[in-house]
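User: I am new to this structure and would like a close look at a single part of it, followed by what surrounds that part.

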Amino acid sequence: MFLARNEDKLMSVQQTNKRNKHEQAYSIIRERIFNGTYVPGYRLVIDTLARELGISPVPIREAIRRLEAEGWVEYRANAGAQVAAVDASKYEEEMSVLALLEGYATALASLHLSTDDVKHLRELNASMYNALQSADIPAFSRLNKIFHFFIYDHGHNNYLIELLHETWDRLEVRGHTDFRYIPQRSWISVEEHIQLLDMIERHASQDEIEQMIREHKLRTYEVYRNSPRYTPHSKALYEAGENGRTSE
């Protein structure tokens, strides 16, 4: 009986250690994808990562499989695991869903935004305008996210906000929230934000607000879709290995 209990405890400790190493590997690789250390096309070599992180190959492999299931990693013939490429078709799917989510979230929040909240949003939008005048596109992109999530948070639907964060994270990693690719869209976005705030102040219907934000998001998608990021030349460069750096 005593030996059986000790064996059970040992197995439990081993399982916990394995789980912890898996989580460690997953967190490190995911963070490197998120912060741009591992760009699209970057090869994830299991043995090299295992040596670097001081973790056996098994948790590394499990972490990569998990990231593959989440869409951050893909397997390519004769190359193995790589950070997933920018994919125009996936982007279209993500933006179509995001337009629906953001429209609903904004309409929901519009019922709870006070006069002071709208004033704060106008100040954020003015800061975005100033960032554009200074050609500070990273600041503009950061403020744009703050602007929208300030609104979403007032919808008081935590699950919806979680979905929005997850989708925005995915878009950010692939550069889809970086207005450097579509500078002409930035100025129009500021004007559309003003339109939205005017609608909220005059108590426009939720249906009107939801439709307006859907169109706001889909216009951004259309401009991105026609940008150089999605030309055949860009795809050819990826497939030829321009981004195919490796962890070897």
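Leaving aside its neighbours within four places in sequence, which residues is serine 186 in contact with?

Analyst: This is a predicted model, in which local features need pLDDT of at least 70 and side-chain atom pairs count only at pLDDT 80 or more, while totals for chains, interfaces and linings use all residues. Residues are numbered from 1 along each chain as its sequence is written, and side-chain values use heavy atoms, with hydrogens and water left out.

Apart from neighbours within four places in sequence, serine 186 is in contact with Leu132, Phe140 and Phe179, where contact means heavy atoms within 4.5 Å. Serine 186 belongs to helix α8, residues 183-201; helices here are DSSP runs of H or I with at least four residues, numbered from the N terminus. Because its relative accessibility is 0%, serine 186 counts as buried, a word that stands for under 20% relative accessible area, with exposed for over 50% and partly exposed for what lies in between (1.4 Å probe, protein chains only).

Helix α8 also gives two or more residues to the lining of the second largest pocket, as does α5 (115-133). A pocket is found on a 1 Å grid over the protein atoms alone, as an open set of points where a 1.4 Å probe fits, with protein on both sides within 12 Å along at least five of seven lines, and its lining residues have an atom within 4 Å of a point. The lining of this pocket includes Thr115, Val118, Ile200 and Glu201.

Turning to salt bridges, each is a side-chain nitrogen of Lys or Arg within 4 Å of a carboxyl oxygen of Asp or Glu, and by this rule the count comes to 13. One of them joins the side chains of glutamate 102 and lysine 217 at 3.4 Å, N to O. Glutamate 102 sits in helix α4 (residues 88-110) and lysine 217 in helix α9 (residues 206-225), so this pair ties together parts that are 115 residues apart in sequence. Both glutamate 102 and lysine 217 are buried.

Another salt bridge brings together the side chains of aspartate 169 and lysine 145 at 3.9 Å, N to O. Since aspartate 169 is in helix α7 (residues 158-173) and lysine 145 in helix α6 (residues 137-153), the parts tied together by this pair are 24 residues apart in sequence. Aspartate 169 is partly exposed, because its relative accessible area is 21%.
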